[in-house]
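Here are my notebook entries from an afternoon of looking things up in one model. Have the structure open beside you and follow along.

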Amino acid sequence: MSRFAQITDTSASPQLGALYREIVNAGLGREVPINWFTAQSARPDILEKTWTLMKGLLLQGKLPPTLKQMIILRVSTHNNCRYCRVIHRRALEAMGVPAEVIDRVTTDVDMAQLPPVQRAIVEFAAKTAADPKSISNEDFEKMTGYGLNQAELIEVAMTAAFANFVNTWADASGILIDQDEGSA
């Protein structure tokens, strides 16, 4: 059970209602957003900021949304965040990523099913999230050797950092995994 109130009736808060509509319209819930958002509902001001960040990183940008979901899934697996593993696995499934590819992201150290560029990006992101001080100039050179530019590398590193952020909130808030009918 969530440690924070999860407000679903937004009639008393037009700001919360507007946020919920925008989040649901983006596909992150049906009638109400997924639990990661609703556990922030007592603070619509904070929810608005986290939504803006999530929207900017995951729904927009230069990298494919599937690749960003793979990054979050890999980091969430390393961080042992059950909520985020389930939700981001479901997101990849909804995006049409085959189950065997998703399984490789979570269980195969080498991620052999992924194309070399995707594998390198997910590995770089996982290293960034796990031990950011270990990232070297050689790591960046390797990524530019795969054709990534600075804008894309910023997006990879920010997605890795964001994965740690969403894992921390999911675990600290104690949210439950969303039911199939209301999950993204």
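**Entry 1: H4 and H6.** I began with the axes of H4 and H6, which come within 8 Å and cross at roughly 40°. Helices here are DSSP runs (H or I, at least four residues; strands are E, at least two), numbered from the N terminus. The axes are lines fitted to C-alpha atoms, for helices over the stretch in contact, and angles run from 0 to 180 degrees between N-to-C directions. That angle makes H4 oblique to H6; I used under 35 degrees for roughly parallel, over 145 for roughly antiparallel, 65 to 115 for roughly perpendicular, and oblique for the rest.

I then listed who makes the contact (heavy atoms within 4.5 Å). H4 brings Met70, Leu73, Arg74 and Thr77, and H6 brings Val101, Ile102, Arg104, Val105 and Thr106. These residues divide into five nonpolar, two polar and two charged. In that count Ala, Val, Leu, Ile, Met, Phe, Trp, Tyr, Cys and Pro are nonpolar, Asp, Glu, Lys and Arg are charged, and the others, Gly among them, are polar.

A note on the source: this is a predicted model, in which local features need pLDDT of at least 70 and side-chain atom pairs count only at pLDDT 80 or more, while totals for chains, interfaces and linings use all residues. Residues are numbered from 1 along each chain as its sequence is written, and side-chain values use heavy atoms, with hydrogens and water left out.

**Entry 2: H5 and H6.** Next I looked at the axes of H5 and H6, which come within 10 Å and cross at roughly 150°. The two helices are therefore roughly antiparallel to each other, and H5 passes H6 in a right-handed crossing. Arg89, Leu92 and Glu93 in H5 meet Ala99, Ile102 and Asp103 in H6. I sorted the residues of this contact into three nonpolar, no polar and three charged.

**Entry 3: H7 and H9.** H7 and H9 pack at an angle of about 50°, with their axes 8 Å apart. That makes H7 oblique to H9. I found Ile121, Phe124, Ala125, Thr128 and Ala129 of H7 against Leu153, Val156, Ala157, Ala160 and Asn164 of H9. Here the tally is eight nonpolar, two polar and no charged.

**Entry 4: the core.** Which residues touch the most other members of the largest nonpolar core? They are Trp36, Phe37, Met54, Met70, Tyr83 and Val156, in a core of 50 residues. Such a core is a set of buried Ala, Val, Leu, Ile, Met, Phe, Trp, Tyr and Cys residues joined through side-chain atoms within 4.5 Å. H9 gives the largest share, seven residues. Beyond four places in sequence, Tyr83 touches Ile34, Asn35, Trp36, Ala170, Ile175, Leu176, Ile177 and Asp178.

**Entry 5: two loops.** Asparagine 80 sits in the loop between H4 and H5 and is exposed, with a relative accessible area of 55%. Buried means under 20%, exposed over 50% and partly exposed in between (1.4 Å probe, protein chains only). Its phi is near 60°, a positive value in a residue other than glycine. Most residues other than glycine have a negative phi.

Glutamine 60 lies in the loop between H3 and H4 and is partly exposed at 45% relative accessible area. Leaving aside neighbours within four places in sequence, glutamine 60 is in contact with Lys55, Lys68 and Glu155.

Key:
A crossing is left-handed if the near helix is turned anticlockwise from the far one by less than a right angle, and right-handed if clockwise.
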